[in-house]
Amino acid sequence: MSLEALYQDIIIDHYKNPRGRGLLEFPLGTAFHVNPTCGDEVNLQVAAAADGGLLIGYEGTGCSISQASASVLYELVQGRQVTEAENIRRAFVELMHSQGHGEPDEAVLGDGIAFVGVAKYPARIKCALLPWMAFQDAEIKGGLMLETNSDGE
Ligand code: ZN
């Protein structure tokens, strides 16, 4: 099996078996983002546990890439501190802007490395980034991150 096929399988697995999908009972911040060019929708919520670890809730509809990306986001940032989650988010955004030449660090991005090939297709990059943009927005709305930290992605 080629690496590309393996990565495709990882994305399809997250699409078919989304991790942690569902909404939070008491969200601090909620952001609903749409990708009109593909018809993807993601509603993403954040809250903080007593130890400061992030709690993530999400729902969405759309293509396999957008929905798998939300599942990967949950897997990567649920329970993390905000600063850790921000490092992961930035690494993912950087990967999506690598035009397919990125060398993603699996220790940081986990199954997120499977999206390296997606970065070769400009039309699909927005699909992959949609939940991550909603995540950042939800953090800002929830007062977990200052808007000045936004890098506009
Ligand atoms: Zn899409």
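Predicted model: local features only at pLDDT ≥ 70, side-chain atom pairs only at ≥ 80, totals over all residues.
Residues are numbered from 1 along each chain as its sequence is written, and side-chain values use heavy atoms, with hydrogens and water left out.

**View 1. Asp13 and Arg19 form a salt bridge.** A salt bridge is a side-chain nitrogen of Lys or Arg within 4 Å of a carboxyl oxygen of Asp or Glu; by this rule the count comes to five. The closest N and O atoms of Asp13 and Arg19 are 2.8 Å apart. Asp13 is partly exposed, with a relative accessible area of 32%, and Arg19 is partly exposed at 23%. Here, buried means under 20% relative accessible area, exposed over 50%, and partly exposed in between (1.4 Å probe, protein chains only). A network of salt bridges links Asp13, Arg19 and Glu75.

**View 2. Arg89 pairs with Glu86 in a salt bridge.** Their closest N and O atoms lie 2.9 Å apart. Because Arg89 and Glu86 are three residues apart in helix H3 (residues 82-96), about one helical turn separates them. Helices (H or I, at least four residues) are DSSP runs, numbered from the N terminus. Both Arg89 and Glu86 are buried.

**View 3. Lys141 and Asp137 meet in a salt bridge.** The N to O distance is 3.7 Å. Both residues belong to helix H5 (residues 122-141) and stand four residues apart, about one turn of the helix. Lys141 is exposed, with a relative accessible area of 51%, whereas Asp137 is partly exposed, at 22%.

Technical notes
Helix = DSSP H or I, 4+ residues; strand = E, 2+ residues; numbered from the N terminus.
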